[in-house]
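User: Could we go through the helix packing in this model together? I would also like a word on the loops.

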Amino acid sequence: MPLNDQVSADIAAAMKARDASRLSALRMLKAAVMNKSVEKGRDLDDAEVLQVVASKESSELAVLQSYLPPSATPDEINAAVAEAIAETGATSAKDLGKVMKAVMPKLAGKNADGKAVNEAVRRTLGA
């Protein structure tokens, strides 16, 4: 089944399931595909539909990222980890949970990846 037909079928399924967020996204995708099809003056093949999906997704991601708080820098993460270790008196990997609990509030308002923070804590504690 061509990708364009799959999108249409998924729209119908989302309508039946009353899945509003999926329906909205699929309708916007369908409209973008139709616009590109009109622009080219023919139906799009699957590769062209995938290009529309990728460009639409990338542009939506850029818009949404503009609302996210700034990312915490590695230096900010390391400073917060050092401060949390000093506050908690942590000395080994057994104190990882205690340090993580103290670090995350210090990075509030920043977009801090929990995995990066965890790695910084482990590196600092020598775990």
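Predicted model: local features only at pLDDT ≥ 70, side-chain atom pairs only at ≥ 80, totals over all residues.

User: At what angle do α4 and α5 pack?

Analyst: Helix α4 (residues 74-88) and helix α5 (residues 96-106) pack at about 130 degrees, and their axes are 9 Å apart. Axes are lines fitted to C-alpha atoms over the stretch in contact, with angles from 0 to 180 degrees between N-to-C directions. The two helices α4 and α5 are therefore oblique to each other; oblique is what remains after under 35 degrees (roughly parallel), over 145 (roughly antiparallel) and 65 to 115 (roughly perpendicular).

User: Which residues of α4 and α5 meet?

Analyst: Ala80, Val81, Glu83, Ala84, Ile85, Glu87 and Thr88 of α4 meet Lys98, Val99, Ala102, Val103 and Lys106 of α5, contact being heavy atoms within 4.5 Å. The residues of this contact comprise 7 nonpolar, 1 polar and 4 charged.

User: And how do α2 and α3 cross?

Analyst: Helix α2 (residues 20-40) and helix α3 (residues 46-65) cross at roughly 125 degrees, with axes coming within 10 Å. Helices α2 and α3 are therefore oblique to each other. On the α2 side, Met28, Leu29, Ala32, Val33, Lys36 and Lys40 meet Glu48, Val49, Val52, Val53, Lys56 and Glu60 in α3. That contact of α2 with α3 divides into 7 nonpolar, no polar and 5 charged residues.

User: Turning to the loops, where is Arg18, and is it buried or exposed?

Analyst: Arg18 sits in the loop between α1 (3-17) and α2. Arg18 is exposed (over 50%), at a relative accessible area of 78%. The phi of Arg18 is near 55 degrees, a positive value in a residue other than glycine. Most residues other than glycine have a negative phi.

User: What about Asp95: buried or exposed?

Analyst: Asp95, in the loop between α4 and α5, counts as buried at 15% relative accessibility. A polar atom of the Asp95 side chain lies 2.9 Å from the backbone nitrogen of Thr91.

How values were computed
Residues numbered from 1 in each chain as written. Heavy atoms only, no water. Helix = DSSP H or I, 4+ residues; strand = E, 2+ residues; numbered from the N terminus. Nonpolar A, V, L, I, M, F, W, Y, C, P; charged D, E, K, R; others polar. Buried < 20%, exposed > 50% of the residue type's maximum accessible area, 1.4 Å probe, protein only. Polar contact = N/O pair within 3.5 Å; in protein donor to acceptor, adjacent residues only side chain to side chain.
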